[in-house]
Amino acid sequence: KRKFTKDILLIKHVKDVLDRGDIPVIYPEARYANVGTNSHLTPSIAKLAKLLKVPVVTINMHGNYLQQPIWNLKERKGARLKAELKCVVRPEEVGKLSVDEIFSRISNELQYDEYKYQLENKISIKDEWRAEGLHYPLYRCRKCGKDFAMTSSGSKITCKFCGDSYEMDEYGVLNSTEGKKIHIPDWYEWQRLECQKYVKELSLTKRSYKIKRNYIFIFLCFL
């Protein structure tokens with residue numbers, strides 16, 4: 001299936017799987033996690049369950065991202081895997097629950113934060129190169145505010161303009177040279193808010209669009 005498109009044929013195929021007694025598996029996020037956190041789901045997944053009148057079971061896996069984050073696919077052998085399986089909508093509930101209620105149950109069970117999971121479970125990842133590539137999702141300097149300023153090497157991520165630097169410890173926490181501790185998803189969400197703020201404030205006149213269109217396009221990819 002192509003993302004963000006309506007696909008009636010796909011619904012038919014899912015129904016065919018159910019009719020022959022098998023269990024269809026759906027990945028509702030349809031994307032890789034940039035910094036080990038979930039994205040917002042669309043209500044269509046709940047509408048599908050309601051339409052097909054079937055129970056819904058969620059599986060939330062932890063540790064996959066920690067083993068091979070999308071920004072560095074070298075395998076980290078210290079990460080343990082854990083899977084949480086839960087029936088969120090039982091057969092007798094499908095007809096009674098609203099789409100909103102089904103959607104709420106699914107969304108609640110598919111929340112995750114891999115760095116929080118790593119820290120709480122003291123999962124130690126000591127690879128010397130553990131931060132290499134982190135500058136891809138964390139591209140904006142928190143100190144000087146410059147975009148695409150970060151570079152990474154070994155266990156460190158550093159701004160090439162102002163020199164602000166952080167070291168990722170064995171539990172996935174970023175520690176600055178000034179003693180500050182930063183949760184990686186918090187940095188990513190800060191960038192997202194700054195990007196949204198910039199786009200909203202930007203004057204969309206013909207002249208400003210010509211000057212900044214490439215800049216806007218790059219940023220919209222991170223929204």
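User: How many bridges join S3 to strand S4 (residues 156-159)?

Analyst: Helices (H or I, at least four residues) and strands (E, at least two) are runs assigned by DSSP and numbered from the N terminus. Two strands count as paired if DSSP finds at least two bridges between them. S3 and S4 run antiparallel, and Ser153 stands opposite Lys156 in S4. The number of bridges joining S3 to S4 is four.

User: What kind of model is this, and on which conventions do its values rest?

Analyst: Residues are numbered from 1 along each chain as its sequence is written, and side-chain values use heavy atoms, with hydrogens and water left out. Local features need pLDDT of at least 70, side-chain atom pairs count only at pLDDT 80 or more, and totals for chains, interfaces and linings use all residues, since this is a predicted model.

User: In what order do the five strands of the open sheet lie?

Analyst: Strands of a sheet pair through backbone hydrogen bonds, either parallel or antiparallel. In this open sheet the pairing is antiparallel, and the order is S3-S4-S5-S6-S7.

User: Which strands are the edge strands of this sheet?

Analyst: An edge strand here pairs on one side only. The two that do so are strand S3 (150-153) and strand S7 (181-183).

User: By what angle are neighbouring strands of this sheet turned against each other on average?

Analyst: Axes are lines fitted to C-alpha atoms, for helices over the stretch in contact, and angles run from 0 to 180 degrees between N-to-C directions. For the neighbouring strands of this sheet direction is ignored, and the average is 25°.

User: Which helix packs on the sheet?

Analyst: Contact means heavy atoms within 4.5 Å. The helix touches S3, strand S5 (165-168), strand S6 (173-176) and S7, and its direction makes about 70° with that of S7. The packing element, residues 184-201, is helix H6.

User: How many residues does the second, separate core have?

Analyst: Leu174, a member of the largest core, touches residues including Leu134, Leu138, Ile157, Ile184 and Trp187, not counting residues up to four places away in sequence. The second core is separate and includes Leu41, Ala49, Val88 and Leu110; its residue count is 13.

User: How far from the sulfur of Cys162 is the nearest cysteine sulfur?

Analyst: Cys162 counts as partly exposed, at 36% relative accessibility. Cys162 is in no disulfide, and its nearest cysteine sulfur, that of Cys141, lies at 3.6 Å.

User: Is Ala33 buried or exposed?

Analyst: Ala33 lies in the loop between helix H1 (8-19) and helix H2 (44-52). Ala33 touches Tyr65, Ile70 and Tyr112, not counting residues up to four places away in sequence. With a relative accessible area of 13%, Ala33 is buried.

User: How far apart are the closest N and O atoms of Lys12 and Asp16?

Analyst: A salt bridge is a side-chain nitrogen of Lys or Arg within 4 Å of a carboxyl oxygen of Asp or Glu. Lys12 and Asp16 are separated by about one helical turn because they stand four residues apart in helix H1. The two form a salt bridge, with a closest N and O separation of 3.3 Å.

User: Which residue forms a salt bridge with Arg140?

Analyst: Arg140 counts as buried at 15% relative accessibility. Arg140, Asp147, Glu194 and Lys197 are linked in a network of salt bridges. At 3.9 Å between the closest N and O atoms, the partner of Arg140 is Glu194.

Note on methods. A nonpolar core is a set of buried Ala, Val, Leu, Ile, Met, Phe, Trp, Tyr and Cys residues joined through side-chain atoms within 4.5 Å. Buried means under 20% relative accessible area, exposed over 50%, partly exposed in between (1.4 Å probe, protein chains only). A disulfide is a pair of cysteine sulfur atoms within 2.5 Å.
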